[in-house]
Amino acid sequence: MGAFSVSHLLIVLAVAVLLFGSAKLPEMARALGKSARILKSEAAAMKNDGAAGTEPALPPSQKTA
C-alpha cells in the first residue's frame, strides 16, 4: 500500500509533462542534476574542513618544525 507502482510513476510523469511541457523537462532535469552535484561537492568540502578542524591545536611553543 505504501509503495509506488509503475502506474503511479506513469501518472506522475504524465502530470509533469502536462504542467511543464516536454521541452522544459530535460532542462529541469539537467538543472536538478547540476544542483545535486554542487550540493554533494559542498557537503564533501564541509566534511573535509570539519575533519581538519577537529585536531587539537598546539600552542606555538610546542609545535615541531
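Here's a quick briefing on the chain shown above. It's a predicted model, where local features need pLDDT of at least 70, side-chain atom pairs count only at pLDDT 80 or more, and totals for chains, interfaces and linings use all residues. Residues are numbered from 1 along each chain as its sequence is written, and side-chain values use heavy atoms, with hydrogens and water left out.

**Overall picture**
- The protein chain has 2 helices and 0 strands (DSSP runs numbered from the N terminus: H or I of at least four residues for helices, E of at least two for strands).
- Of its 65 residues, 2% count as buried (buried is under 20% relative accessible area, exposed over 50%, partly exposed in between, with a 1.4 Å probe and protein chains only).
- The chain's accessible surface comes to about 6100 Å², and 69% of that belongs to carbon and sulfur atoms (Shrake-Rupley method, 1.4 Å probe; for residues, only the protein chains shown count as cover).

- Just after H1, Gly 21 takes a positive phi of about 85°.
- Ile 11, Val 15, Leu 19, Phe 20 and Met 28 make a nonpolar surface patch with about 480 Å² of accessible area together (patch residues have over 30% relative accessible area and no salt bridge; like charges are joined within 9 Å, nonpolar side chains, meaning Val, Leu, Ile, Met, Phe, Trp and Tyr, within 5 Å).
- H1 gives the patch its largest share, 4 residues.
- Phe 20 belongs to H1 and is partly exposed, at 44% relative accessibility.

- Glu 27 pairs with Lys 24, the closest N and O atoms being 3.4 Å apart.
- These two are 3 residues apart in H2 (residues 24-53), so about one helical turn separates Glu 27 and Lys 24.
- Glu 27 is partly exposed at 43% relative accessible area, and Lys 24 is partly exposed at 38%.

Technical notes:
A salt bridge is a side-chain nitrogen of Lys or Arg within 4 Å of a carboxyl oxygen of Asp or Glu.
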